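Here are my notes after a look through the model you sent.

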Amino acid sequence: VGINIGQNLQADGIRTLPEQFRETQPFKSRTWVIGQAVFISFSIINFAALGFAEASVLVPLESIQFVTNVAYSRVVHKATAPPRMLLGVALAVCGTVLSVVFGAKGSSCHSQAQLEWPWRSGVGWWLWCGISVVVGGFCLWLNGVYTRKVKEGQKPWGYEFVGPITFTLSSALLGGSQMIVQSKVFSELLAMLFQGDYGAWVSWLGWVALVLVVACGIIWVVRLTKCLGLYDPLLILPLMVATYILFGGIAGGIYFREFDTLHLGFAGVWGWPLYVGGLVCVIIGLYCIATAGIAMEKAEKARAAAEAAERAAQPNGNDATQR
């Protein structure tokens, strides 16, 4: 809730700035600065929470941001969410409940050997990292191509969808998902350090986790800030959060081998389809929210254009405006 409020405050601050400052100097807005402080503060609290349970269970809980985002737009901007967007929010919340209830059940604490295992022998983890880099890099390149064409006045095929979707996929795969995993690793290593176990910090693991947390965290925060100046927050924030939840949960399940225990819950072997069904609900909810947000943006632009045309058609409208 705190993270999403901070993001919306940042978006509100960016809107008040001239066009040339929105992407490069958002700190010129006091509202943006306050939003950034709120975002960072609650992100630190979120980081601390990663040590208390499995990543594949904790990460889906962040879908509460879907609800907060719609509520913020309703209360602050007096924007009415269309039924499709409310359906998307409901599906995302239901998917989160399924993911948490039927998610991995095991120990949230790991030994140094367990934390090192994915890098040493985890074929699945290395495969996930490779796929993330390839797909994320391709989406980053494609987003750049579409962005340049739009700035040149062109309208490439599906630019309303391709732009925000490729932006969010590249951000989540190259920044968000890896940041979640390494943040949990880092938090567990800190817990070992506070208990007097210094072994992890004289090996390579602690430093790898530290570098990846900082690097991926910077990528994620910068992309979060940039997206608010490029797209409507009612559209882009749900997209960013949904991909963060989806890929963060998958990455955490692979790294910490949490998927190995899905069948050990009270649902037995049904834990797998119920957990996956929860993630599918989140994806469908994401689609509903995204399409509803694009429809709202088009309707708002059409309304503004109609009002401008109506003012221009009024007798002596231009003279009155000039006076």
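Which residues form one aromatic cluster? They are W119, W125, W126, Y255 and F256. Keep in mind that this is a predicted model. With that said, here are my points.

1. **Overall make-up.** The C-alpha atoms fill a box of roughly 80 × 40 × 35 Å along the principal axes. For 323 residues, a compact globule would have a radius of gyration near 20 Å, and the 22 Å of this chain agrees with that.

2. Of the 323 residues, 47% count as buried. The chain exposes about 16,100 Å², and carbon and sulfur atoms supply 69% of that area. Among contacts with a separation of 6 or more, 80% are between residues 24 or more positions apart.

3. **The W125–Y255 pair.** The structure holds 8 aromatic pairs. In one of them, the ring centres of W125 and Y255 are 4.9 Å apart. Why is this pair called edge-to-face? The planes stand at 85°, and an angle over 60 degrees counts as edge-to-face. The pair links distant parts of the chain: W125 is in helix α7 (residues 123-151) and Y255 in helix α10 (residues 233-255), 130 residues apart. Both W125 and Y255 are buried.

4. **The F138–W141 pair.** F138 and W141 also form an aromatic pair, with 5.8 Å from centre to centre and 40° between the planes, which makes it tilted. These two are 3 residues apart in helix α7, and therefore about one helical turn separates them. Are they buried or exposed? F138 is partly exposed, at 48% relative accessible area, while W141 is exposed, at 53%. The cut-off explains the two labels, because exposed means over 50%.

5. **The nonpolar core.** The largest nonpolar core has 60 residues, and W125, V185 and Y255 touch the most other members. Helix α10 gives the most to this core, with 13 residues. What does V185 contact beyond its neighbours within four places in sequence? The list is L115, L205, A209, Y255 and F256. Two residues on that list, Y255 and F256, are also in the aromatic cluster.

6. **Arginines over rings.** R223 lies over the face of F167, at 3.9 Å from the ring centre. R257 lies over the face of W117, with 4.2 Å to the ring centre.

7. **G103.** This glycine is found in the loop between α5 (83-101) and α6 (112-121). With a relative accessible area of 3%, G103 is buried, because the cut-off for buried is under 20%. Leaving out residues up to four places away in sequence, G103 touches V57, L98, L262 and Y275. G103 and G249 are 146 residues apart in sequence, yet their C-alpha atoms are 10.0 Å apart in space.

8. **Q36.** Where is Q36? It lies in helix α2 (residues 30-49). Q36 counts as buried, at 15% relative accessibility. Apart from its neighbours within four places in sequence, Q36 is in contact with Q10, V221 and T225.

9. **K28.** This lysine lies in the loop between α1 (2-15) and α2. K28 is partly exposed, with a relative accessible area of 46%. Which residues does K28 touch, not counting those up to four places away in sequence? The answer is L17 and F21. K28 and L17 are 11 residues apart in sequence, with 7.7 Å between their C-alpha atoms.

10. **Where I'd look in the viewer.** I'd begin with W125 and Y255, a buried pair whose members are in the aromatic cluster and are among the residues that touch the most other members of the largest nonpolar core. Then turn to F138 and W141 for a tilted pair, in which F138 is partly exposed and W141 is exposed.

Key:
Residues are numbered from 1 along each chain as its sequence is written. This is a predicted model: local features need pLDDT of at least 70, side-chain atom pairs count only at pLDDT 80 or more; totals for chains, interfaces and linings use all residues. Side-chain values use heavy atoms; hydrogens and water are left out. Rings of Phe, Tyr and Trp (its six-membered ring) pair if their centres lie within 6.5 Å; planes under 30 degrees apart count as stacked, over 60 as edge-to-face and the rest as tilted. Helices (H or I, at least four residues) and strands (E, at least two) are DSSP runs, numbered from the N terminus. Buried means under 20% relative accessible area, exposed over 50%, partly exposed in between (1.4 Å probe, protein chains only). A charge sits over a ring if NZ of Lys or CZ of Arg is within 6 Å of the ring centre and within 35 degrees of the ring normal. The radius of gyration is taken over C-alpha atoms; the globule rule is 2.2 Å times the number of residues to the power 0.38. Contact means heavy atoms within 4.5 Å. Accessible areas come from the Shrake-Rupley method with a 1.4 Å probe; for residues, only the protein chains shown count as cover. A nonpolar core is a set of buried Ala, Val, Leu, Ile, Met, Phe, Trp, Tyr and Cys residues joined through side-chain atoms within 4.5 Å.
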